Amino acid sequence: MNPVLTARLRIALFLVVAIVIQTALGTDMRVAGVAPDLMVIGVICAGLTGGAESGAWVGFWAGLLTDMFLTSTPVGLSALTYCLVGAAVGALRASVLQERKLLVPITALVGTAGAVLLFVAAGDVLGQTQLMGGGRSWLIRVMVVESLWSAVLSLPFGYIYAWAARGSVGADRLGAPIGPSSRTGVVPTK
Amino acid sequence: MAVYRRSSRTRNVLAVLVLAALTLITIDARSNGSGALTSVRGAVSDAFSPLQRATHAALAPIGNFLTGAIDYGSLRAENQKLRQEVAGLQSQAVSSSAAEQQYKQLLQEMNLPFVGSIPTVAVQIIDQGFSNFDNSLTINKGTASGIAAGQPVVAAGGLVGTVLAATSHTATVRLLTDPSFAVGVGLQGGNVASASGQGRFEPMRVTIDSTKLPAPVMKVGDTVVTTGLSLEKFPKGIPVGKVSKVSTPPGAAEPTIELAPLVNPTRLSYLQVLLWSPA
């Protein structure tokens, strides 16, 4: 089978497994009442591994899948947020972020904080005022705790995602920041 | 540092995806919960529910372990508090008979309905709320078990929320801490009020409706129950919360009251849906 198609199927499977684990286990793992968001970690890993385009595509589908399980926000809000986050992480990875040991957890930390803020801000603009119902303190708590969750969980998730994305167009171009594909090194387009 | 060529293709892809997302948002917002996207949501939820149930059952021990490890401090404090309460209850055993009589009298005075007369469906929580901004949870039964939108959901301690939407095999429960949730409650002195959510883990805010009566005298620890007045969405007598804070701002005629919900659904696995609808 075409290796690019195989990689896409593996990424799709990764997203489905991630959302099932998120619903079955992720929402029980609350620190200060805040649960991790495994999907946003996957999206950040996609941006890091495959670049802006791959991050946008994976972000859109991951967000759309997430929207199917949310009840108080319209379908498309998570897709919009994750798509922009994935693209932004991918663009930064290609132009600014250098390969370092802590690249994945630090990017996950900052990317998740940005995703939470963007989700609430976009929702507020689109009339979803209930997202700010818990007040600023709740928003800050979610940003901080969810970001820390992402930083910790991004290490195993980054490894698994890099395995899933090996052979895909973006991963071939950028290389994976961690995981099996990283051994081949980064092959930038001049 | 490597320099990468910025492709217009990436910008086009991003623009198309953003437009697609905005289109979906617009369609869903205009459908008011009854459009094609809502049906798709229900179908996806139904399709995933067996997998969710199986994964939830398989991963429950890991989840319980992690929850226990994360909440170790609070569980220890709670255990200590419960031990003290047990010791207190043992010392009160002598006067239990009198207290029981008082309790029965109170029930008669408040005319609490016999909760057992309302048919219920036992349900299991399969998702504790996907997003940190989503004050809802998913249960493992739906319209096939007689569950419908608007039905009250309770647990051993009291009110949990209401059924927001139901598919054939799952249902979404809006928690009483949701900012869009409101329930009529009775206060001291015949006053009625509405208690509304302010977000998960936040106390409920009580707004007093009956201004013609003398202001209610409430104290911290008082239990507040549903009124069950006509047009109310809940039957009478379901405990909602305990008064956690009472303060009267300078110049205000009525006190500001906050309620701590009696039930913390994050610590529960099973709930009861009351097959009840307003008369």
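## Helix pairs in chain A

Axes are lines fitted to C-alpha atoms, for helices over the stretch in contact, and the angles between their N-to-C directions run from 0 to 180 degrees. This structure is a predicted model. In it, the axes of α1(A) and α2(A) cross at roughly 50° and come within 10 Å. The crossing in which α1(A) passes α2(A) is right-handed.

On the α1(A) side, the contact is made by A:Ile11, A:Phe14, A:Leu15, A:Ala18, A:Ile19, A:Ile21 and A:Gln22. The residues from α2(A) are A:Leu38, A:Met39, A:Gly42, A:Val58, A:Trp61, A:Ala62, A:Leu65 and A:Thr66. Sorted by class, the contact of α1(A) with α2(A) has 12 nonpolar and 3 polar residues, and no charged ones.

The crossing of α2(A) and α5(A) is right-handed.

From α2(A), the residues that meet α5(A) are A:Leu38, A:Val40, A:Ile41, A:Gly42, A:Ile44, A:Cys45, A:Ala46, A:Thr49 and A:Gly50. Their counterparts in α5(A) are A:Ser150, A:Leu153, A:Ser154, A:Phe157, A:Gly158, A:Tyr161, A:Ala162 and A:Ala165. By class, the contact of α2(A) with α5(A) has 11 nonpolar and 6 polar residues, with no charged residues. A:Leu38 and A:Gly42 of α2(A) take part in the contact with α1(A) and also in the contact with α5(A).

## Where the chains touch

Between the two chains, 47 residues of chain A are in contact with 49 residues of chain B. On the side of chain A that touches chain B, the elements giving two or more residues are α1 (3–24), α2 (38–67), α3 (77–95) and α5 (135–165). Of these, α3(A) gives the most, with 7 residues. The residues on this side of chain A divide into 28 nonpolar, 15 polar and 4 charged.

The secondary structure of chain B comes to 4 helices and 12 strands. Chain B has 279 residues, of which 34% count as buried. Among the contacts in chain B between residues at least 6 apart in sequence, 55% join residues at least 24 apart.

Six of the strands form a closed barrel, in the order β6-β7-β8-β11-β10-β9 of chain B, with antiparallel pairing. Neighbouring strands of this sheet are turned by 45° against each other on average, with direction ignored. B:Thr223 has B:Lys242 in β10(B) as its bridge partner.

## B:Lys236

B:Lys236 lies in the loop between β9 (223–226) and β10 (239–247) of chain B. Is this residue buried, exposed or partly exposed? A residue is buried if 20 or more other C-beta atoms lie within 10 Å of its own, and exposed if 12 or fewer do. B:Lys236 has 16 other C-beta atoms within 10 Å, so B:Lys236 is partly exposed.

B:Lys236 and B:Ser8 are 228 residues apart in sequence. In space, B:Lys236 and B:Ser8 are 63 Å apart, C-alpha to C-alpha.

Technical notes
Residues numbered from 1 in each chain as written. Chains lettered and ligands numbered in written order. Predicted model: local features only at pLDDT ≥ 70, side-chain atom pairs only at ≥ 80, totals over all residues. Contact = placed C-beta atoms within 7 Å. Nonpolar A, V, L, I, M, F, W, Y, C, P; charged D, E, K, R; others polar. Left-handed = near helix turned anticlockwise from the far one by under 90°. Pairing = 2+ DSSP bridges.
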